[in-house]
Amino acid sequence: MNDFTPADRERLRGYILDTLTPEERESVEANLLESPTWHEALEAERAALSILDDLPELEPPEDLADRTLATIE
C-alpha cells in the first residue's frame, strides 16, 4: 500500500464517493480485481472516511467570511 501515489488514493476516494468518470471507475475496478493491495487500500480509505462521517457537524463561525476576506486581502 505504501507504493500508492497520492493520485491513486484520490482515485480510490473518488470511487467510494462515486465522483469518477465511467472510464476512471472501470480502471479502479480492474485494479481492485487484479490486486489484493488495491482492495486493502480501498478498505483503509473506507475506514478513514467513515471516521469523518462519525464526526458531529459544526456550524461555521459567524465571522468566517470576514476572517477569510481579511486573510486574502
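Leucine 17 is exposed, with a relative accessible area of 55%, where exposed means over 50%, buried means under 20% and partly exposed lies in between, calculated with a 1.4 Å probe and protein chains only. Leucine 17 has its place in helix α1, and the helices named here are DSSP runs of H or I with at least four residues, while strands are runs of E with at least two, numbered from the N terminus. The model is a predicted one, in which local features need pLDDT of at least 70 and side-chain atom pairs count only at pLDDT 80 or more, whereas totals for chains, interfaces and linings use all residues. Residues are numbered from 1 along each chain as its sequence is written, and side-chain values use heavy atoms, with hydrogens and water left out.

What length should α1 have? At 1.5 Å a residue, the 12 residues of α1 should span 16 Å, and the C-alpha atoms at its ends are 16 Å apart, which agrees; the expected span is 1.5 Å times one less than the number of residues in the helix. In α1 the residues Asp8, Leu12, Gly14 and Tyr15 are buried. Seen down the axis of α1, these buried residues fall within an arc of 160°, so they line one face of the helix, the arc being that of the directions from the helix axis to the C-beta atoms. Pro6 and Leu17 are exposed on the other side of α1, while the buried residues of α1 pack against α2 and α3.

Just after α1, aspartate 18 takes a positive phi of about 60°, although aspartate 18 is not a glycine. Aspartate 18 lies in the loop between α1 and α2, and it counts as exposed because its relative accessibility is 54%.

The next topic is how α1 meets α2. The axes of α1 and α2 come within 10 Å and cross at roughly 105°, where axes are lines fitted to C-alpha atoms, for helices over the stretch in contact, and angles run from 0 to 180 degrees between N-to-C directions. The two helices α1 and α2 are therefore roughly perpendicular to each other, since angles of 65 to 115 degrees count as roughly perpendicular, under 35 as roughly parallel, over 145 as roughly antiparallel and the rest as oblique. Their contact, which means heavy atoms within 4.5 Å, is made by Arg11, Leu12 and Tyr15 of α1 and by Arg25, Ser27, Val28, Glu29, Asn31 and Leu32 of α2. These residues divide into four nonpolar, two polar and three charged, where Ala, Val, Leu, Ile, Met, Phe, Trp, Tyr, Cys and Pro count as nonpolar, Asp, Glu, Lys and Arg as charged, and the others, Gly among them, as polar.

Helix α2 (residues 22–34) also meets helix α3 (residues 36–54), and their axes come within 5 Å and cross at roughly 115°. The helices α2 and α3 are therefore roughly perpendicular to each other. Val28, Asn31, Leu32 and Glu34 of α2 make this contact with Pro36, Trp38, His39 and Leu42 of α3, and the residues involved divide into five nonpolar, two polar and one charged.

In α3 itself, 19 residues at 1.5 Å a residue should span 27 Å, and the end C-alpha atoms are 27 Å apart, which agrees. Trp38, Ala41, Leu42, Glu45 and Leu49 are buried in α3, and they cover an arc of only 105° around the axis, which puts them on the same side of α3. On the other side of α3, Pro36, Ile51 and Asp54 are exposed, and what covers the buried residues of α3 includes α1 (6–17) and α2.
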